[in-house]
Amino acid sequence: MAYFDIVCYCLTKKKLFVFPVLVALICFGIAWVLPPIYATELRLQVDASNSESASIGSVSSMFKSSMGSLSQSGLASMIGSQNVIKPSDLYLEILSGREVALNTIHKFRLDTLYKKKADELTLKRFYKDVSIAEDESGIISCGFEGKDKVMARDIVRHMVKISNERYLTLQRERLQYSIEYLRNQERELMDSVTAISDELIEFYRENNLVDLNSQMEITVKALAGYETQINNYKLSEQMQGKDNADKSEMRKKRVLLEKKFRELRGRYDSSYVPTDKSLYVNSDWASEKILYQERRASDLKRFQALLEFVSTEKMNTESQNLKNQPVIQIIQDAYLPDWRIRPKRAKWAIGGFVASFFVTLFFVIYKGISTGAIVGSEGARRKLEQVKSSLRK
């Protein structure tokens, strides 16, 4: 069966191909009669310059990186991980959420329009007409498709209005929570600074200290002087005779200096405390105390740095709360559409024509094969007869 034979037979049945044209006209008329669907869109941007939501996260991050040896303090247990949400992500969650959708459905009585009784069914139908998205530049778009262009515009504006109110409420709550959190941290840090300061004061008072580092320097200089004098006395004793009276006097002085030397360097009793009538301290005892003093002084500096940072963050957050600036920027308001998006009359006509044309073509070829009008179709006709007979059984 040659394709040329099929073409020739189809040309003899050209009147049948008027049917696709009629179908195209009918589809065009149906598309003309069907109610038009309009679409509108509102575009906005959530101002990401407001950093109030990041206050807790930044404070927590600084705490974590600065705690170090303070991890045993009560303050460390208060610091938890804070997941900072992008303002646009939070706004999208509100805009596409169930609360905004149901509020819009009830306000515009969309349940009667969709003819759905259950809220879940109405929501599914509503979400088919709503489009919410965010592009790469952070612009959020909210669109709606409906038969009433005025209602479509009002629905979009209402959804954005409700979302703005909810978003601003959440932001104010987050600001208040951030301020309260920072105030609590400030109080904790001030208590820690006071506690360490009192601890160091008590440490100096109990040990009769004035300035441990300076006293250590004075002691080291005294030890060096004692050592020099002891060595000088030893040399002088060696130069004197056995029964020399000066030698005996030198020995007494040397023994006294050695005793003084041992008091300032060497082992000390567990109850050792420097005398309050002298600036000298035992060097070994002072070495241990200096390590303790430096550790607590380092802790004190770290707490003071954190306190300064938290106080600054608290003032900035309180200032942000007082400003109460709008964070939603409408880039393009919802508009009254002047052109339908569907049904497209041309698409309906072309689609109806193409579909009916192929149906007509297959029908003509089938009739030609079944009647034997197409040359060389005996084999195809036999196959058709076999199919018919198998279907009758």
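Buried means under 20% relative accessible area, exposed over 50%, and partly exposed in between, with a 1.4 Å probe and protein chains only. Helices (H or I, at least four residues) and strands (E, at least two) are DSSP runs, numbered from the N terminus.

The structure is a predicted model, in which local features need pLDDT of at least 70 and side-chain atom pairs count only at pLDDT 80 or more, while totals for chains, interfaces and linings use all residues. Residues are numbered from 1 along each chain as its sequence is written, and side-chain values use heavy atoms, with hydrogens and water left out.

**Overall content**

The protein has 393 residues, of which 35% count as buried. Its secondary structure comes to 13 helices and four strands. Contact means heavy atoms within 4.5 Å. Of the contacts in the protein with a separation of 6 or more, 76% are between residues 24 or more positions apart.

**The sheet**

The four strands form an open sheet in the order E2-E3-E1-E4, with antiparallel pairing. Because E2 and strand E4 (328-332) stand at the edges, each with a single partner strand, one side of each is left without a neighbour in the sheet. From one strand to the next, the twist averages 25°. Axes are lines fitted to C-alpha atoms, for helices over the stretch in contact, and angles run from 0 to 180 degrees between N-to-C directions. Two strands pair if DSSP finds at least two bridges between them.

| Strand pair | Sense | Bridges | Opposite residues |
|---|---|---|---|
| E2 (residues 130-134) and E3 (residues 140-146) | antiparallel | five | Val-130 and Phe-144 |
| E1 and E4 | antiparallel | four | Gln-45 and Gln-329 |

Phe-144 in E3 also stands opposite Thr-40. The hairpin of E2 and E3 has five residues between the strands, and Gly-138 there takes a positive phi near 90°.

Tyr-38, Thr-40, Leu-42, Leu-44 and Val-46 make up the covered face, whereas Ala-39, Glu-41, Arg-43 and Gln-45 make up the uncovered one.

**Helix H7 and its surroundings**

H7 packs on the sheet, where it touches E2 and E3, and its direction makes about 60° with that of E2. Helix H7 spans residues 119-129, and Thr-122, Leu-123, Phe-126 and Asp-129 are buried in it. Seen down the axis of H7, these buried residues fall within an arc of 115°, so they line one face of the helix; the arc is that of the directions from the helix axis to the C-beta atoms. Lys-124 and Lys-128, on the other side of H7, are exposed. The cover over the buried residues of H7 includes helix H5 (98-107), helix H6 (110-114), E2, E3 and helix H8 (149-206).

What does Asp-129 touch, not counting residues up to four places away in sequence? Its contacts are Tyr-114, Gly-143, Phe-144 and Glu-145. Asp-129 counts as buried because its relative accessibility is 10%. From C-alpha to C-alpha, Asp-129 and Phe-144 are 5.5 Å apart in space, and they are 15 residues apart in sequence.

**Helix pairs**

Two packed helices are described by the angle between their axes and the distance between the axes. Angles under 35 degrees count as roughly parallel, over 145 as roughly antiparallel, 65 to 115 as roughly perpendicular and the rest as oblique.

The axes of H5 and H7 come within 11 Å and cross at roughly 95°. H5 is therefore roughly perpendicular to H7. On the H5 side, Arg-98, Ala-101, Leu-102, Thr-104, Ile-105 and His-106 meet Asp-119, Glu-120, Thr-122, Leu-123, Phe-126 and Tyr-127 in H7.

Helix H2 (residues 18-33) packs against helix H12 (residues 345-371) at an angle of about 150°, with the axes 7 Å apart. H2 and H12 are therefore roughly antiparallel to each other. The contact involves residues of H2 including Phe-19, Val-23, Cys-27 and Ile-30, and residues of H12 including Trp-348, Gly-352, Phe-353 and Thr-360.
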